[in-house]
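Subject: Structure handover

Hello,

Here is the structure I said I would pass on. Please open it before reading the notes that follow.

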Amino acid sequence: MVIGFAIVAAWELVTAFGVVAFRKPIYNALSLVANMLGLAVIFLLLNAQFLFAAQVIVYAGAVMVLFVFIIALMNPEADISFRPAGTEWIYGVVFGVIFAALLGALLFNHGLTGRPGAFAPAVIDAAGNVQTVGTALYTTFLFPVEVTSVLLLIAAVGAVYLAMRRIR
Amino acid sequence: MDILAPLVLLAPLVGFLINALVGRSLPRRMVGWIGAGSIGLAFVFALLILGQQLGGQRLDQTYFTWWSSGDFNVPFNLYVDRLSTLMILVITGVGFLIHVYSIGYMAEDPGYSRFFAYMNLFVFSMLLLVLSGNLVWLIIGWAAVGLSSYLLIGFWFERTSAVLAARKAFVMNTIGDVGMVFAAFLIFLNLRVLDYQSLFDRVHQLPKGGTIITAICLLPPVGAVAKSAQLPLHTWLPDAMEGPTPVSALIHAATMVTAGVYLVARMHLLYDWAPAAAATVAVIGGVTAFYAATIGTAQVDIKRILAYSTMSQIGYMFLAVGIGAYTAGMFHFMTHAFFKALLFLAAGNVIHAFHDDQDIRNMGNLRAGLPITFWTFLIGTLSITGFPIVTAGFWSKDEIIRAALSASGGEFFLGILALITAGLTAFYMFRLFFIAFGWEWLSRDERHLHEAGMLQTLPIIILAAGAVIGGYIPVASFLSPVFGHATDVGTLAFWGLAALTVAAAAVGFFLAYLLYARRPELAVAWRTRLRPIHTLVEHKYYVDELYDLVIVRPALAVARFLDDVVETRVIDGAVNAVAAFVVLEAREFRLIETGRVRSYALVTLGGAVGIVLIVAWYLGYLPWKVGA
Amino acid sequence: MPVPAYAFLMLSGALFTMGAIGFMVRRNPLVVFMCVELMLNAVNLAFAAMSRFLNSLDGVVFAFLVITVAAAEVVVGIAIIVQVYRAGRQMDVDELDLMKE
């Protein structure tokens, strides 16, 4: 298990670097797809089968497909120069490094603090992951689900409106 | 619960409200008769109260608690005794006659309803002042009277001189009001009560003649001096003649200016207990009487002469109450109300006949043209100079002089002063009479003067009657229950002193007769010989100019300074600085809105880092300073 | 679970930081968007890990909702970027400062 995790973790880090570093956008997109699939595997490791399925179907399967299509359609050029205008990027890198260091320092030693709940993996497996998550979604988390569905509706309407040809 | 007293108050108040609110849409006659009628109604109620008082005791009735905070209670109570009964009878009686006169006098004036509204407001305020049973309502009435005076002096507000005069009167009155309020403070501080009855009961707790009681008694005279136009707060009264003549008659002769006298008389128990303060009042009165009389000899405006005459006569009243002769003072108040109102109203007729010219040098020889006015004015003049036996003025003035002369110490000298003033009074009044009215009978008068209508002559006839028979009204015995101790202060032979007074008056009369009726050229000669004195007196001893220099100009300079420097630079500057600061900061903050995603993201990221740091520090995960 | 909890969390942190740096550094709006997605994924990982180790379902459910919302957001964002492209403007986030002031 540990080795498996190590491999997947390495895969994640490499592909993430790929998302950030590639020049051509299509390579970025494909890196991201790979990253998401790796993440799906980690979800399996974490005994979140439902999430694994959702990640693959929705995220990797729909969202990234959209990304790839758009890139293919628009065919944007590669970033001509990697040198960004303005000086914010320096700050960004600095901050990012600080952030990383902080997170590392915090998480390495102190990690999880929280009161354990009732859903041990054995309990979940007894009922089945999807069933348990589904029940939770439609009972405890009913309101967020409804709100999210409304949000999806709004997004769909908004996208349709935005996509209409307005510039001739 | 007694209702007569509140009814007396209510009648003029209702008159005021009607005329003020709907007066303009009512027909003129109605407005006038509502105004006069309400006072007449009040007079009827006053007569009923008189009937009550003649039978029974005084009345101190609380109607409702006006204001109560902790153990500080101010009720609305009315104190009806013989003193206040006398006052309200005079106020409503003479007031009614003056109102009737005004119906005719003000008939042409566009501000007709306003006039009657203000007049009723005044009467209401004056009655409130007099009937009030505690110091708070007294002061309220006091201030309301000052307000009415201001409104009425400045009645013809298009005239700058009228407005300035009204302002001057109000400012001086306010100075007096301060004195009144401080007196109330002191009384409350020391005796913890504000209503008359308790006050009178407790006065004797304070040491007689001590500093506290003297201070308490010196402050109301500040108010009285301002309200009654005595030295040194007198300069407003001559200017107040800018108001219509009925106003001068009612407010500045018969009633408001006597409020000060009433005040001292009401507080007589306190003044008995503080002889120093009472003496001060007497001195002020005596000196003012003399001072005003001298000025009156050199004036040429008919109303101003009468104004100085009022000042002088009130001086007599102050002298009387100051030396303890309260009944004498109140008696003179009543007779003075009769003849002074008469004199003013008659003067009003003359002014109307000469189309608002008030200079006496342009008048003369009115016996044929204005007969009723002529004869009534003569009666008034005789009364004020104290023509023996048949005039009221003789009896009242004489009482005062007698009281002064029979006392010991300084009061004797005040009595001498009063005697000399009596002579001066005769002199200037007859000077006025001879110059303005003359004695000749003109068979043909180029000026085509006509006598005024009945509305303006009947009241003065009635007042003339009062000026004659008023002396026989037994005021002294009527008021003696109020003042407790013996009111007959004099011990000298009555008739001997009377003769002295009459002699002084006769001297004045003959001098006036000589100079103005027989040999006018002598008057001119004397005037040139006594030029410096004449100028001094003519200019009222330059008091106005003195006040202007010492008080008015510095005050205006301070005001100007405050406006230019403090207001503009400091206060406005501070406000503008705040605004400028806000604008400055806004300009700086605007630069944050760059529109670029990256700068926003940077800020967000920085914020996130900050939050993580804070949380970590708070939880103690950072190596330094564990815990918050 | 032989793999300790902090391992997952540190992985999540690393992914997040890389997404943040990428977001700050890149100029192409599409790539910037992709970095945002990377950050969201990292957060999902953290949620799932916490959910596993604390025996709770809250994290999983929340991660699911995040996926949904991210999908909606991507839709709208892409639409905007497409419009920007169609308008002929530069595909450069630094140039797109119409919201200035």
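This is a predicted model: local features need pLDDT of at least 70, side-chain atom pairs count only at pLDDT 80 or more; totals for chains, interfaces and linings use all residues.

Leaving aside its neighbours within four places in sequence, which residues is Ala341(B) in contact with?

The core around Ala341(B)

Ala341(B) is in contact with Val94(B), Ile98(B), Ala249(B), Ala253(B), Ala254(B) and Leu463(B), once its neighbours within four places in sequence are left aside. Ala341(B) also belongs to the largest nonpolar core, which has 200 residues. Together with Leu127(B), Leu319(B) and Leu342(B), Ala341(B) touches the most other members of that core. The element that gives the most to this core is helix 15 of chain B, residues 326–353, with 18 residues.

Two positions in chain B

Where does Leu194(B) lie? The residue sits in the loop of chain B between helix 6 (160–191) and helix 7 (196–202). Leu194(B) has 21 other C-beta atoms within 10 Å, and a residue counts as buried at 20 or more, so Leu194(B) is buried. Not counting residues up to four places away in sequence, Leu194(B) touches Val74(B), Asn134(B), Leu135(B), Val136(B), Ala184(B), Ile187(B) and Phe188(B). For one of these, Ala184(B), there is also a distance: its C-alpha atom and that of Leu194(B) are separated by 7.3 Å, and the two residues are 10 apart along the chain.

Gly322(B) is in helix 14 of chain B, residues 302–322. Is Gly322(B) buried or exposed? Gly322(B) counts as buried because it has 27 C-beta neighbours inside 10 Å. Its contacts, leaving aside neighbours within four places in sequence, are Ala278(B), Ala279(B), Val281(B), Ala282(B) and Gly285(B).

Chain A

Chain A has 7 helices and 0 strands, and its pattern along the sequence is α-α-α-α-α-α-α. Chain A has 168 residues, of which 25% count as buried. Of its contacts between residues at least 6 apart in sequence, 53% join residues at least 24 apart.

Helix 1 and helix 2 of chain A pack at an angle of about 155°, and their axes are 8 Å apart. Angles over 145 degrees count as roughly antiparallel, and therefore helix 1 of chain A is roughly antiparallel to helix 2 of chain A. The crossing of helix 1 of chain A past helix 2 of chain A is left-handed. Helix 1 of chain A brings residues including Phe5(A), Trp11(A), Glu12(A) and Val19(A) to this contact, and helix 2 of chain A brings residues including Asn28(A), Asn35(A), Gly38(A) and Leu45(A). By class, the contact has 11 nonpolar, 6 polar and 1 charged residues.

Chain C

How many helices and strands are there in chain C? There are 3 helices and 0 strands, running α-α-α from the N terminus on. Of the 101 residues of chain C, 57% count as buried. Among its contacts between residues at least 6 apart in sequence, 47% join residues at least 24 apart.

Helix 1 (residues 5–25) and helix 2 (residues 29–53) of chain C pack at an angle of about 165°, with axes 8 Å apart. These two helices of chain C are therefore roughly antiparallel to each other, and helix 1 of chain C passes helix 2 of chain C in a left-handed crossing. Residues making the contact include Phe8(C), Leu15(C) and Phe23(C) of helix 1 of chain C, and Val32(C), Met39(C) and Phe53(C) of helix 2 of chain C. The residues of this contact divide into 20 nonpolar, 4 polar and no charged.

Where chains A and C meet

In chain A, 74 residues are in contact with 63 residues of chain C. Helices 1, 2, 3, 4, 6 and 7 of chain A each supply at least two residues of the side that touches chain C. Helix 3 of chain A gives the most to that side, with 13 residues. The residues of this side of chain A divide into 57 nonpolar, 14 polar and 3 charged.

Regards

Technical notes
Residues are numbered from 1 along each chain as its sequence is written. Chains are lettered from A and ligands numbered from 1 in the order in which they are written. Helices (H or I, at least four residues) and strands (E, at least two) are DSSP runs, numbered from the N terminus. A residue is buried if 20 or more other C-beta atoms lie within 10 Å of its own, exposed if 12 or fewer, and partly exposed in between; C-beta atoms are placed from the backbone. Two residues are in contact if their C-beta atoms, placed from the backbone, lie within 7 Å. Ala, Val, Leu, Ile, Met, Phe, Trp, Tyr, Cys and Pro count as nonpolar, Asp, Glu, Lys and Arg as charged, and the others, Gly among them, as polar. Axes are lines fitted to C-alpha atoms, for helices over the stretch in contact, and angles run from 0 to 180 degrees between N-to-C directions. Angles under 35 degrees count as roughly parallel, over 145 as roughly antiparallel, 65 to 115 as roughly perpendicular and the rest as oblique. A crossing is left-handed if the near helix is turned anticlockwise from the far one by less than a right angle, and right-handed if clockwise. A nonpolar core is a set of buried Ala, Val, Leu, Ile, Met, Phe, Trp, Tyr and Cys residues joined through C-beta atoms within 7 Å.
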